[in-house]
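Hello,

Here is the structure I promised to pass on. My notes on it follow below.

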Amino acid sequence: MKSLFVFALLLVAAAAYAPRDNQRVFGGEIATLNQFPYAVGLITRINILLTGQCAGSLVSANFILTAARCVSGIQSAVAVLGGLRINDANEAGAVRITVTDFIIHPQYEAEPDIFDVALVRLPLPVPISDRVRPVRLPNLRQIEATFNGQQATVTGWGRFGEGTANSEVLRFARSQVISTLACRLSLPTNTIVDQHVCTEGSNSSPCQGDFGAPLTIVDADGITTQIGVFSFISILGCESGRAAVHTRMSSYLTWIGDNSDVEIRPDF
């Protein structure tokens, strides 16, 4: 009887600590075709031998929005649009474009954790379709909006967890936007400012390979709106339960408008 009791306790403990599936980008839900038509995969080329991986979002037929850390110091990148499999050059219907024109925020190198935003100019306008469609940015009335408490979605091809490979297919996860104060408490060794927007990390988090990924909400008028670009996570990693930090798009609307053909809306 005693051995049965001990065995039962072990089963309860195992259930309590069993890994939960579909909670993070690295183990989250697999996206379906046309679900995130603005999602862009970026295979970056640093030199002849070294490549990297990031994400971005289509914000007009001519421009991709991403993190400055993704394109700073690189020679070129391949942008993958309208597809689910970032490394499948034969995926039907996907668009793969080599890009070399990168517009990095001028203050990025001085303060990379704050001005982590960049634009990628496409060599030709990309055809807009159900599979490839720009995402909307906040309007000028939302510059002071915090978006606290709203459910946000992040998409990417990043790692399934620390030390594992990037995802071959586009994945997404959802988490809640938290306040700047809550973010600072979660990441006490990082500099968190109002130009950041943070998401709660206990149930979902982007990971390595997701840098530059769009953070979106469903706005007050029911339209998907990008409020952030994934910038960094805790040095403890994406499985630490700490907040994820994104560059706040409403803080850079003027810069984006001045350096692209994206129309910055005054209102809803």
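Two cavities of 30 Å³ or more turn up in a search of the whole structure. Please keep in mind that this is a predicted model.

The largest cavity has a volume of about 70 Å³. Its lining takes in T32, L33, N34, Q35, F36, P37 and A39. G82, G83, L84, R131 and L170 also line the largest cavity. By class, that lining holds six nonpolar residues, five polar and one charged.

The second largest cavity holds about 30 Å³ of space. It is lined by N148, I178, S179, T180, I192, V193, H196, V197, C198 and R248. Strand β11 (residues 196-199) gives the largest share of this lining, with three residues. Five residues of the lining are nonpolar, four are polar and one is charged.

**A pocket**

The search also covers open space. The second largest pocket has a volume of about 150 Å³. Lining the pocket are I143, E144, A145, T146, N148, S179, T180, D194, Q195, R248 and S251. This lining divides into two nonpolar, six polar and three charged residues.

Compare the two linings. N148, S179, T180 and R248 line the second largest cavity, and N148, S179, T180 and R248 also line the second largest pocket.

**The sheet**

In what order do the seven strands of the open sheet come? The order is β6-β5-β2-β3-β4-β8-β7, and the pairing is antiparallel. β6 (95-99) and β7 (101-104) stand at the edges. Each has a single partner strand, so one side of each is left without a neighbour in the sheet. From one strand to the next, the twist averages 30 degrees.

β7 is joined to strand β8 (residues 118-121) by four bridges, and the two run antiparallel. As background, strands of a sheet pair through backbone hydrogen bonds.

**V169**

Where does V169 lie? V169 is in the loop between β9 (151-156) and β10 (171-178). Which residues does V169 touch, leaving aside neighbours within four places in sequence? V169 is in contact with I30, L84, R85, G156 and W157. V169 and A31 are 138 residues apart in sequence, yet 7.8 Å apart in space, C-alpha to C-alpha. One of the V169 contacts, L84, is also in the lining of the largest cavity.

**Confidence**

The mean pLDDT of the protein is 88. Of its residues, 88% reach 70 or more. Residues 1-24 are another matter: pLDDT stays under 50 there. For that stretch the model has 19 contacts beyond four places in sequence.

**Where to start**

Open the largest cavity, with its volume of about 70 Å³.

Best wishes

Technical notes
Residues are numbered from 1 along each chain as its sequence is written. This is a predicted model: local features need pLDDT of at least 70, side-chain atom pairs count only at pLDDT 80 or more; totals for chains, interfaces and linings use all residues. Side-chain values use heavy atoms; hydrogens and water are left out. Contact means heavy atoms within 4.5 Å. On a 1 Å grid over the protein atoms alone, a cavity is a set of points where a 1.4 Å probe fits but cannot get out, and a pocket is an open set with protein on both sides within 12 Å along at least five of seven lines; lining residues have an atom within 4 Å of a point. Grid points are joined across faces, edges and corners, and a volume is the space filled by probe spheres set on the points. Ala, Val, Leu, Ile, Met, Phe, Trp, Tyr, Cys and Pro count as nonpolar, Asp, Glu, Lys and Arg as charged, and the others, Gly among them, as polar. pLDDT is the predictor's confidence in each residue, from 0 to 100. Two strands pair if DSSP finds at least two bridges between them. Axes are lines fitted to C-alpha atoms, for helices over the stretch in contact, and angles run from 0 to 180 degrees between N-to-C directions.
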